[in-house]
Amino acid sequence: MHPSFKTLRLPVIAAPLFIISTPRLVIAQCKAGIVGSMPALNARPAELLDDWLAEITEALAAHDRANPESPAAPYAINQIVHKSNDRLQRDMEVCARYKVPIVITSLGARPEINQAVHSWGGIVLHDVIDDRFARKAVEKGADGLVAVAAGAGGHAGTTSPFPLVQEIRRWFKGPLALSGAIASGNAILAAQAAGADFGYIGSAFIATEEARADDAYKQMIVESSSRDIVYSNLFTGVHGNYLRGSVVRAGLDPDALPHSEASQMNFGSDRVKPWKDIWGCGQGIGAIEQVLPTEALVARLQREYQSARERLSLETLVCI
């Protein structure tokens, strides 16, 4: 295991949630023993990122001083490295000042970004939807990968998690997280059994007290299941998974959404905004039965994970 992950108490990386993840959620995740993360772009205006990283750094340091026997897990900042992100250079300079331990890159792999993170001792995880993109990311200097499989919340691929991890593991031995419908301890263990090192969990953390999400969004996750997830590219031009109920609330028919390359669509007199009006969510939410504090959610995942490991160990002994 890479030294960056030595303080994890559960093999989980919390996905950076656009709009929703803030220092409050990240700090709670790290204190609970998993990698907490947030997009740099959630800090608006841009100057707020400096304050947020200071808050996270100070809170986790205080936790470690008070709890030397169970230090906090590291945190991660997500950077959109596509050329359309005109904040990237400024945000990377802020990350450098705080020596952010993990940077998760999306929408392109850029060697200069990876080199910058390495210069302050951090590591880079790059999210990919197939083996071809995985190879490109590693060739350009990424230390690890996030395999975004079918069923993941928000922008997601179409490949089943099993072949996706299998193809990457044929050649890549570094840190590998699996994203896609993981919302239980059993699913975390299944991700490891498939060959990943970590479960990468996003949607489950939307339904936590610390998440900056509309209460109606959280409740809709609690009341929904995999059958309530709609896969469409209408809202951003890139295919993603969304809550059926939020599509209906926006006055659209989730079973008759047109194909589109537009990044934002007009419907009648109202403008429907992705992420604000149309809520991203993954297929694993059937495991989410109530809105909980982050600490309680992680504790539930830990119990399920340990129980699943013990059950499999017992069944193996019985078979022998």
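Tutor: P11 is buried, with a relative accessible area of 13%; buried means under 20% relative accessible area, exposed over 50% and partly exposed in between, using a 1.4 Å probe and protein chains only. This is a predicted model, in which local features need pLDDT of at least 70 and side-chain atom pairs count only at pLDDT 80 or more, while totals for chains, interfaces and linings use all residues. Residues are numbered from 1 along each chain as its sequence is written, and side-chain values use heavy atoms, with hydrogens and water left out.

P11 lies in the segment before β1 (12-14). Helices (H or I, at least four residues) and strands (E, at least two) are DSSP runs, numbered from the N terminus. Leaving aside neighbours within four places in sequence, P11 is in contact with I188, Q192, D197, F198, G199 and Y305, where contact means heavy atoms within 4.5 Å. P11 and Q302 are 291 residues apart along the chain, yet their C-alpha atoms are separated by 9.4 Å.

V100 is in the loop between α3 (88-98) and β4 (102-106). With 0% relative accessibility, V100 counts as buried. Apart from residues up to four places away in sequence, V100 touches L53, Y75, I77, C95, W120 and G122. From V100 to L49 there are 51 residues in sequence and 12 Å in space, C-alpha to C-alpha.

Now the setting. The chain has eleven helices and 13 strands. Its radius of gyration is 19 Å, close to the 20 Å that the globule rule gives for 320 residues, so the chain is as compact as a globular protein of that length. That radius is taken over C-alpha atoms, and the rule is 2.2 Å times the number of residues to the power 0.38. Of the 320 residues, 52% are buried. Among contacts between residues at least 6 apart in sequence, 63% join residues at least 24 apart.

In soluble globular proteins, nonpolar side chains tend to be buried together. A nonpolar core is a set of buried Ala, Val, Leu, Ile, Met, Phe, Trp, Tyr and Cys residues joined through side-chain atoms within 4.5 Å. The largest one here has 51 residues, of which I168, I221 and L243 touch the most other members. Helix α11 (residues 294-319) gives the most to this core, with five residues. A second, separate core has 25 residues, including I27, M38, A43 and I113.
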